[in-house]
Each structure stands twice: as structure tokens, then as C-alpha cells.
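Please look over the structure shown below before reading on. The notes after it are a briefing, grouped by topic.

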Amino acid sequence: MAEVTMRVWRGDADGGDFETYTLEQNEGEVVLDVIHRIQATDAPDLACRWNCKAGKCGSCSAEVNGKPRLMCMTRMDTLPKGTVTVTPMKAFPIIRDLVTDVSFNYVQAAKVPALLPPPMPEGGYRMFQEDVERGQEFRKCIECFMCQDVCHVIRDHEENKSHYAGPRFFIRYAELEMHPLDQNDRRDLIREDMGLGYCNITKCCTEVCPEHIKITDNAIIPLKERVVDAHYDPVAWLGRKIRRKPKRSAADAAVQPAP
Amino acid sequence: MTDVTTEHHEYDVLIIGAGGAGLRAAIEASQRGLKVGIITKSLLGKAHTVMAEGGMAAAMGNVYPEDNWMVHFRDTMRGGKYLNNYRMAELHAKESPDRVWELEQWGALFDRTKDGKILQRDFGGHRYARLAHVGDRTGLELIRTLQQKVVSMGTDVFMECKVLQLIHDGEGRVAGCVGYWRATGEFVTFQAKTVVLATGGAGKSWKFTSNSWESTGDGHAMALWAGAKLIDMECVQFHPTGMVWPLSVRGLLVTEGVRGDGGVLRNSLGERFMFNYVAPMFRAETADSEEEADKWYDDHSAGRRPPELLPRDEVARAINTEVKAGRGSPHGGVFLDIATRRSAEFIRRRLPSMYHQFMELAGVDITREAMEIGPTCHYIMGGVQVDADSQATVVPGLFAAGEVGGGMHGANRLGGNSLSDLVVFGRRAGIGAAEYIDAGAAATSFDQGEVDEAIKGALAPFERTNGENPYDVQHDLQEMMQENVGIIRNAAELEAAIVALDAFTERVKNVSVKGGRAYNPGWNLATDLPSMISVSKCVANGALRRKESRGGHTREDFPNADPELGKLNFAQSTEGGHWDDPVSVHEASILIMPAELKALLEEDK
């Protein structure tokens, strides 16, 4: 019977080390299945987060052989032969074993000014598929926070977390800014408090997104252009001063692709 | 307690569960100026609602203007085989459209019709295309919209907190709960004027299930222990299409949207077998040839509906029969084929998650090959008996909404009626709680004795040294429930299950856990097991008592519906309030429908 060897980081905020588990290999398994088998036998106290086991909830993010992955969507037979190393996400503080404290993301979520739509007409709003599609791409986000995990602005710089929202929230801001109904203006907030300028477009976030959201091309770059345009364009500046919350049409919201 | 320090919080409305129903209840109560706290066993935004795929049923009439609440009401009652709480079905059908439009005001982006309205898709048991949706990730859209609304309102959310038990005030009113933080294992108490249970389902007691680890029936069980009644617990929905291979993903949901968008079921002979399984009550509205069925997808007036879109109980039974007759697929399911019927581009656009799920997990390209699927435990229609208008239980101060509530779906739930149920009755529970507080009779004291006892029970597995591994108990429970209380049932197996559950009760009292209290899944499971046992007992009891086949409850020894039993709910309760107390089953008459609603059902019988 073929076997798999798993090297799993065990420990807490005070430190820890790898433990190695050897199990029989089962056909078709994903990394999370093997972690579950370790829990059910050798280590019932092995901490890991998971919910849907179908790539829809974004709970089981961890680093598999050093790369952020959803454990539930990573087939064992797609990994190189040999020991599989599983570690917690690096950008967040450890709680225990594979579980990290992702509260940074919930703090950022609370800072987002909500959608401000006009009153709803009888029978509902009218929006066209091509107008909602851009936002729908961003709303595919399952909040696995792997884009945050790989973003080097915070991965290696804890000090930046106080003034940097990160890719997950740049797509949220982009979604709202491009929303056909939205009347809020978040451009100053995004530039001044959310640290959009720190992103230097290395696309690490896009590469790791399990939903294949084009975070950099479709959200961050258009958002940078919009914020910069608003800041340096004297007409837009004047417009902001006169009409505090300029309403943008759906056509305006459908931003031009990056040059 | 001696060595246990407990953190304490106080709220007007305490909501247990942060899926669609819990979040919608929180929004409603917060908007009424009440102090609201939400507790969730996972992180915010990860609740089971996120798994819902196909859509949210609401008779908006955007695609078929002839649709209206009366047709939706009729479809829901027929789907539920008339066991439903008619008043819930009525409120649900009337209020769903407003709840969908409201989500749009909060940021949801549904797919659109050509004229810019919310697009609606076909689903089993719904006469018209009625499901508002976003591709096949509608649940994600719903939960994210509600989550973002709750966050923008500044409502307190307590994440990764397992609630052990509800606490009373000494006069039979509910006054809060006790639980622990999963991250640290420290205990916490919440005192509240009202508690809304929105804990979802109980599918984790079965081996093959679409439900996550969280669905251990905590709310059902805590309500039972607190003095509420559970009804229709025998009515468990086995969704016809779960993945069957690889084994590690067996049970994972395949959306009904595949069939709504043209997918058909075939056996190993290539036959589109559903034409052989049309029950008399659905014959008048179901196509009797492939030609007729295929015309229907484009124009519902050109033919009657395909039999693949019968209600879920009918389809699941048919698949089960085909497999048992030896006409199954290699891994014990049947084939769900959309590849030969729709273009690859259409499939990838309409069913992106399904495409992705099969490609990544099974190595199957659904634009080229058929999927192998089979029934999987998906939803429990049974739940806490509530007043339809307020969602109040018989225990003062206790409310229940969403899957944990009982009655709305009768013996079988139609696809798409769950997401709308969450927001319609989540909102109503929020209003119910607010009105209860206004009435001024809410609990003011908090029974510390109950708290101490619950904590003692939760810590017991650490004190036992040579007990059983909780994972072994859970594994055996799931095997036993799948075997004896599965999709097709009989008296002998149900009696065996009831005996076995007594033995499981003793095994749960003897589990021990290793390690500390901080983020310890073994311990967390040990504290979920009492709920799983209580709920399993109620399902087995109800299934034994209901000597007929109706909706999701199928008895091979009583294959037909019994009109007399159709007038009854089985209500279950305990005395004493402990998880291991015996459960008693009572007959309760279903609500009698007013003549004008009855007329809607009889129109085209």
C-alpha cells in the first residue's frame, strides 16, 4: 500500500515545530482529507479551519509546500512526490497549528463605507448584465485571504497593516466604485487611508486567487487610475467641492482597461 | 465553578448563528434600535448559506409575468406534500420578492434579464422560472450582502464561539446562553432578553452529506433541551445530486441548476429514466416524451416540464431505485449529463462553480463528459415548532428562524425556497423578538446553576483518561444513521437505530480528549456530539411513528401516503432539560387552512 508523508507545523504564538505523520494513500484525496485523517487518528487536537470542503467558503487556507492553497481544493496527486509540508498562512498571527488570527481582515471590512443607492423604484432597480458583470467578478471572492497572505506589503511588514487594506479590500472598493447604483465617493479614503499607493503591481495576489479574479488588472490598476485622476484633475476636484458626492453613471463606472 | 472564569455579555437580542437567517434577524432587530449580538461557530461569512448554489425563489414575475405569490404558495405546498405550516408558506410566498429587492439595495448583484431586471431561473417543483441567482453562487452573494450590511451597521459579531446550552431565568423564560471561545477554550456567558436560534441544519449525523462540520443540529438540540418542541423531524431531504466520486468528496452538492439549465439524468443504459417515475400528482404537468420536455426549456407554453425537474424527493427516490436495479454508474450513482445538451460556453457561464468543482476534484470536464451523481443528505425540513408570524417558540423569549425552524417546507423543501426562507423568517424573527421585548415580560435574571452544570459537562472529556476518541463515535454514528435512517426506511431498521442511539448516548458519556482547550477540534467535536445524538433520536423516533411515505420520508413497509397521517405533525419534547433525557413523541394536528388558500391548491388538482 502506497503511503503519504505529511510534515505539519504544530504550535502556537509561543512557537512550535514540524511533526511528521505517515498515512496510507487514498485515491482522489485532497490535502484537507489527509489532515482530517490525522485528526481522526493520531492527533485529534490538530487545529485547522474548514467548512464547506468545496472551495466555496475560503476557510481552509494554508501554505502547502510553501504556497498558499485551499487545502480542500488541492489534490494530493497534483503535488510533487515526497513529503508534503503544510504550514499556516504567514501574514497572520498564529492561533494554533494551521489556524491563524485573520481579524486584520475583519477590521478592514468594518472601514468600508457601504453602498449608497438611490431610492428603489417600483418593481426594482434596472441594471444591465454588462454593468453588473465587473462587480460580479469581485463578488466571487470567497474571503480565503490568500491574496492578503502573499501581498508583500503586509506579509513581511506587520507595521503596514495599520494603513493598508490589501488586495481583498481593493477589489471590494473597486466593486463599490464600479457599482451602477453607488453614490458614495471613497476615492480620498482609498488614497489616503487604505494605502493603495503601496501596491506596486507585482500580481502575486492575482496568481494565488482560487476564484481567478484578476485582482491587479481589473481592480487595483483601474482603482489607482481613478484615484489619481480624481486627485490631480482640477475639474474633478472642483466637482467634488461643489457637489460633495458626485453621482457617476454606469458608463462612467465601467472604467477603461489599463494601457 | 472553581477554576473557571467566565466572560459575560448582555444583549437585548442574542442571535445564535450567522447564516442568512441570523444575519437578517440581526439587521431587523438593530434597525429597531435594539442592542444585538451575533454568535457564530465559524468565522463571519463562512456559514452554510455560502454553499447554496442555484438561487432564491421569489415570485417577482420578471421572466414569466403570470407568476405570482399564489402560484408560489401552491408549488410550495404541493412540494411539501401538504404537511407544511400553511401560514409560513403563505407569508414566504408573499414576502420573498421584497426580500430579494432589499438585498439589491444592500449591494447584491444578481444576474439580469435583457431589460435590466433580476433574472430568474427554473428549478424543480416551481411552475415558473422563479429563482433570482448569480451564476451558481447565489448563497455566497446572499451571505456576503447580509454580512456587509451587518458590518456597516456596527453590530457585534462573536466569531468562533461554540454555544453549549441555553440558560433560563428560573421561571421558564430563556435568558441567554453559555459557550466557549474555540480559539482559547475559555467560557463565556451571554445574558439576553431574547434569543433567536438560527443555527441551520443537522446533516452531519449522516455519512454522505452536503453539510459541513458545523451542521450538528445544535439549535434543534438546544431548543429541545430548553423546553421547545421539534416537529417533522423525520422529514430529511436527500438531495438527488451529490458527487459520488472520488470517495473523499462523496456527498458534495451538485446544484439543481444543472437540471434547470437543461441537464438530464441517465442510467448505465443511457436511458433518460425520469420519465418512468412521474407520480400521479405530477402527471398532468409533466412532459411524457423527450421531445415535449426539450421544448419546455425555451418556452414553458410549448410543452410540459421535464421530469428531471420534479421535486427533490421524487428524483432522489428514482435514482435510488435505478442504482438498486443494477443500472447505476461505475461508482454507484447515475449520470447527470449536460455536456451533450448545452454548449461548453453556456455551461461555463451558467455553472462556473460546478465546472471548477468537477475539474479540480474529480478530473471530469463537465462540458465534455457526464457527471456521476447520487443522493446526499442535504436539509432537514423538521425543526423547532414556531408561530408563523413571529417565529416564537413555546418557550418565552426563544425564537427560531431558517433551517432550524420547522413547518415552512412540510415533508419536502423545493430548491430555492431555502434562501428566501432565511430572509423572510429571519426578518420576522427580528420583529418577533423586538415585539416580545416591547411587551415587557422578558427575563431579567440568569440561572447560574445551569451555567455551571453546562461547563462541567463540557469539561468532563478532559477528566476521563481512557475514554473513546470522539472521532470514532462520530464516524460510527454517521455509518449507523446512513444505514438505518437513510433515504429508504423500514420499521426493523428504525427500531435498531433507536436501540443503537441509546448505546451511542453511553459512548458519548465516555469520550475523552487529548491536549488543551485552545483550538482543539477533538474537544470541539466532543461538545457537538450531544446535539448530534439528540437530533438523530428525534429523526429516528419520528420516522418510526410516521407509518407512511411522504416527501423526504420514505418507508418501504408503508410505500403510500396515508391521508390521516397527512393531518398530523409529530412533535417531540423532553422533560428535565438534559441532553440524555428521554424524548417523547406527541401527535399534533396540522394547522387548518382557510378556504381561500385551500382553493388555490384545488384549482388544478
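A residue is called buried if 20 or more other C-beta atoms lie within 10 Å of its own, exposed if 12 or fewer do, and partly exposed in between, with C-beta atoms placed from the backbone. This is a predicted model, in which local features need pLDDT of at least 70 and side-chain atom pairs count only at pLDDT 80 or more, while totals for chains, interfaces and linings use all residues. Residues are numbered from 1 along each chain as its sequence is written, and chains are lettered from A and ligands numbered from 1 in the order in which they are written.

**Chain B as a whole**

- Chain B contains 17 helices and 19 strands, where helices (H or I, at least four residues) and strands (E, at least two) are DSSP runs numbered from the N terminus.
- Of the 605 residues of chain B, 61% are buried, and along its principal axes the C-alpha trace spans about 75 × 50 × 50 Å.

**Where chain B meets chain A**

- In chain B, 49 residues are in contact with 46 residues of chain A, two residues being in contact if their C-beta atoms, placed from the backbone, lie within 7 Å.
- The helices α3 (86-105), α4 (138-153), α11 (352-362), α14 (470-484) and α16 (521-545) of chain B each supply at least two residues of the side that touches chain A, and α4(B) gives the most, with 6 residues.

**The helix α3(B)**

- The 20 residues of α3(B) reach 30 Å from first C-alpha to last, close to the 28 Å expected at 1.5 Å a residue, the expected span being 1.5 Å times one less than the number of residues.
- At B:E95 the helix α3(B) bends by about 45°, and a proline, B:P97, follows within four residues; the bend is the angle between axes fitted to the seven residues ending there and the seven starting there.
- Among the buried residues of α3(B) are B:Y86, B:M88, B:P97 and B:L103, and what covers the buried residues of this helix includes α2 (69-79), α4 and α12 (417-438) of chain B.
- After α3(B) comes B:G107, whose phi is positive, near 120°.

**Backbone details in loops**

- The peptide bond from B:W245 to B:P246 is cis, with omega near 0°, and B:P246 lies in the loop between β11 (236-243) and α6 (257-260) of chain B.
- A:K53, a residue other than glycine, has a positive phi near 60°; A:K53 is buried, with 26 other C-beta atoms within 10 Å.
- A:K203 also has a positive phi, near 65°, but A:K203 is partly exposed, with 15 other C-beta atoms within 10 Å.
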